[in-house]
Amino acid sequence: METMTATIERTTADNIAPAAETTREKATRYVFAGLRIALGWIFLWAFVDKLFGLGHATPAKNAWLNGGSPTKGFLAFGTAGPFEGFYHGIAGAAWADWLFMLGLLGIGVALILGIGMRIAAVTGGLLLVMMWTAVLPPENNPFMDDHLIYAGLLAALALVGAGNTLGLGRAWAKLPIVTRLPWLR
């Protein structure tokens, strides 16, 4: 009897077609994909501007490639609140510059390509929360600012599998190392 039940369950599961995607579900997938790419561009642009000093947030003379420090200016002079001493202590440290720049690059590329969404969400969320703690309380609100909103959006993007639409998420998930270590998805 058990064999017959297992056969029926397997046959039933094999014969059921996935439900057709509604227009709302499809639109939701594309909205999340667009938000993923846009947020990825925010991270990647910060990296590129700090690397080359394109004059938007970073003047050419302060470019990382010209010997500038991507963490020194803001962490030494722009921080305030309970964590100010911590941030002053790491301002301009080579390891902090490298971690910050590699983080911006890795998170930006992962989001734009739709790969490693879980890692991008965790590391990006951590970076954004640290940026939020650099200036407490925020200027325009007792506690909320865009860094926390972006961190929440990163979590949502990972949870809904936003890398699968307009991204390489499905192909990434099939890689042997990702199959073996699902936290890399």
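Author: The following account takes the helix contacts in turn and then passes to particular residues and loops. The model is a predicted one.

The description begins with helix H2, residues 23–52, and helix H5, residues 94–113, whose axes come within 7 Å and cross at roughly 150 degrees. The crossing of these two helices is left-handed. On the H2 side, the residues that take part are Arg36, Ile37, Leu39, Gly40, Trp41, Phe43, Leu44, Ala46, Phe47, Lys50 and Leu51. Their counterparts in H5 are Phe100, Met101, Leu104, Leu105, Ile107, Gly108, Val109, Leu111, Ile112 and Leu113. By class, the contact of H2 with H5 comprises 17 nonpolar, 2 polar and 2 charged residues.

One residue of this contact may be followed individually. Leu105 belongs to helix H5. Apart from neighbours within four places in sequence, Leu105 touches Leu44 and Phe47, and both of these partners are listed on the H2 side of the contact. Is Leu105 buried or exposed, or does it fall in between? With a relative accessible area of 30%, Leu105 is partly exposed, because that value lies between the limits of 20% for buried and 50% for exposed. Between Leu105 and Ala158 there are 18 Å from C-alpha to C-alpha, at a sequence separation of 53 residues. Ala158 itself is one of the H7 residues that meet H6.

Helix H2 also has a contact with H7. The axes of H2 and H7 come within 11 Å and cross at roughly 130 degrees, so H2 is oblique to H7. This crossing, too, is left-handed.

The next pair consists of helix H6, residues 117–133, and helix H7, residues 146–159, with axes that come within 8 Å and cross at roughly 170 degrees. H6 is therefore roughly antiparallel to H7, because angles over 145 degrees are classed in that way. Met117, Arg118, Ala120, Ala121, Gly124, Gly125, Leu128, Val129, Met131 and Trp132 represent H6 in this contact. From H7 come His147, Leu148, Tyr150, Ala151, Leu154, Ala155, Leu157 and Ala158. The division here is 14 nonpolar, 3 polar and 1 charged.

The loops carry two backbone features. In the loop between H6 and H7 lies Pro137, which is joined to Leu136 by a cis peptide bond with omega of about -10 degrees. In the loop between H7 and helix H8 (169–173) lies Leu166. The phi angle of Leu166 is near 55 degrees, a positive value in a residue other than glycine. Leu166 counts as exposed, because its relative accessibility is 53%.

A final point concerns charged side chains. Side chains of opposite charge can pair when their charged atoms come close. The structure holds 1 salt bridge, in which the side chains of Glu21 and Arg29 meet at 2.4 Å, N to O. Glu21 is partly exposed at 40% relative accessibility, and Arg29 is partly exposed at 28%.

Methods
Residues numbered from 1 in each chain as written. Predicted model: local features only at pLDDT ≥ 70, side-chain atom pairs only at ≥ 80, totals over all residues. Heavy atoms only, no water. Axes fitted to C-alpha atoms, helices over the stretch in contact; angles between N-to-C directions. Helix = DSSP H or I, 4+ residues; strand = E, 2+ residues; numbered from the N terminus. Left-handed = near helix turned anticlockwise from the far one by under 90°. Contact = heavy atoms within 4.5 Å. Nonpolar A, V, L, I, M, F, W, Y, C, P; charged D, E, K, R; others polar. Salt bridge = Lys/Arg side-chain N within 4 Å of Asp/Glu carboxyl O. Buried < 20%, exposed > 50% of the residue type's maximum accessible area, 1.4 Å probe, protein only. Parallel < 35°, antiparallel > 145°, perpendicular 65-115°, else oblique.
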